[in-house]
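Work through the exercises below with the model open beside you. Try each task before reading its solution.

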Amino acid sequence: MTRVIGLTGGIASGKSTVAALLRQAGAVILDADQVARAVVAPNSEALTRLTKAFGEQILNPDRSLNRQQLGRLIFNDPEARRVVDEITHPLIRQVFEASLAGLKRAGVPLVVLDVPLLLEAGYQRYCDQVVVVKVDPLTQLSRLMERNHYSRREAEQRIQSQMPLAEKLIHADLVIDNDGTKEETAAQVDHLLAKWHLDDNLHSMV
Ligand code: ADP
C-alpha cells in the first residue's frame, strides 16, 4: 500500500526543507511546479493553446515558453490568468494523476505531494493525510526576505496574497512546527516517519 501525503504551507514556511528530509528518508516527491513546467514544454498541447490565446510574444526564440513574459501578461489581469489556468490546470492534473497511479502500481511506500496550492486546487483528495508546515509570521517574513532578496513590502505582499495559515491548519491532519532550528524540524519529521512505519506494521498484522 502506498501512503500519499500532501505537503503544504505558506510561502517560505519550510515545505521544500521538509520535502528534502522526506526524500532523504526514501519518499518519492511529486513536485507540482515540476509538473507545471513539463506541461508547457515546447510543442506541447498546452503551449500550442497558450500561443493561440496570447500570441508568439510569449515564446522565446527557441519556441520554449517565456515564463516572465506570460507572468507579466497575467499580472493584475484576472481574465488572462483564468485563461491560462483553464488551459494548464486540467493537463497538470492529468499528468499528476498518471504519475501517482504509476507510483502506486510500482508499490512505492511513501509518496509526498509537494503542491504549494494543495488545498486551493483540491489536491487533498489524493492524499491519505495532509501535513501543514507552520511558521510564525515574523519568522516567515524574514526567511522570505532573505531567500528571495525581497524588500519587506514585497515579502508582505507575497504572504498576504495567499490563503491564511489559520485556514490551512483547519485542513491539516498533522502539523510540523518550523519555528525552531532545522534540527528541531528534522526531529519532527523523524517522529512522523516512525509513526507511519508503526501504523504500517500494525496494519499488516490485522
Ligand atoms: P518553502 O518551500 O515553503 O517556500 P523553504 O523550505 O524554501 O520554504 O524555506 C524558506 C527559507 O527558510 C529557505 O531559505 C530555508 O533554507 C530557510 N529555512 C527553512 N526552515 C528553516 C529553519 N528551521 N531554520 C532556519 N531556516 C530555515
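Predicted model: local features only at pLDDT ≥ 70, side-chain atom pairs only at ≥ 80, totals over all residues.

**Exercise 1. Find which residues make up domain 1 and domain 2, and how many Å separate their centres.**

Step 1. Domain 2 is residues 39–107. Domain 1 comes in two segments, 1–27 and 109–206.

Step 2. Take the centres over C-alpha atoms. They are 25 Å apart.

**Exercise 2. Describe the interface between domain 1 and domain 2: what area is buried, and which residues of domain 1 lose the most?**

Step 1. Start with contacts. Domain 1 puts 10 residues against 8 residues of domain 2.

Step 2. Turn to area. About 850 Å² is buried between the domains, and carbon and sulfur atoms give 62% of it. On the domain 1 side, Thr 2, Tyr 123 and Tyr 126 lose the most, together 55% of what that side buries.

Step 3. Sort the residues of domain 1 that touch domain 2. They divide into 8 nonpolar, 1 polar and 1 charged.

**Exercise 3. Decide whether Thr 88 is buried or exposed, and find what its side chain reaches.**

Step 1. Thr 88 sits in helix 5, residues 78–105.

Step 2. Apply the cut-off. The relative accessible area of Thr 88 is 8%, so Thr 88 is buried, the limit being under 20%.

Step 3. Follow the side chain. It reaches the backbone oxygen of Val 84 at 2.8 Å.

Step 4. List contacts beyond four places in sequence. Thr 88 touches Val 39, Val 40 and Leu 50.

Terms used: Residues numbered from 1 in each chain as written. Heavy atoms only, no water. Domains from an automatic or database assignment. Contact = heavy atoms within 4.5 Å. Buried area = accessible area lost by both parts, 1.4 Å probe. Nonpolar A, V, L, I, M, F, W, Y, C, P; charged D, E, K, R; others polar. Helix = DSSP H or I, 4+ residues; strand = E, 2+ residues; numbered from the N terminus. Buried < 20%, exposed > 50% of the residue type's maximum accessible area, 1.4 Å probe, protein only. Polar contact = N/O pair within 3.5 Å; in protein donor to acceptor, adjacent residues only side chain to side chain.
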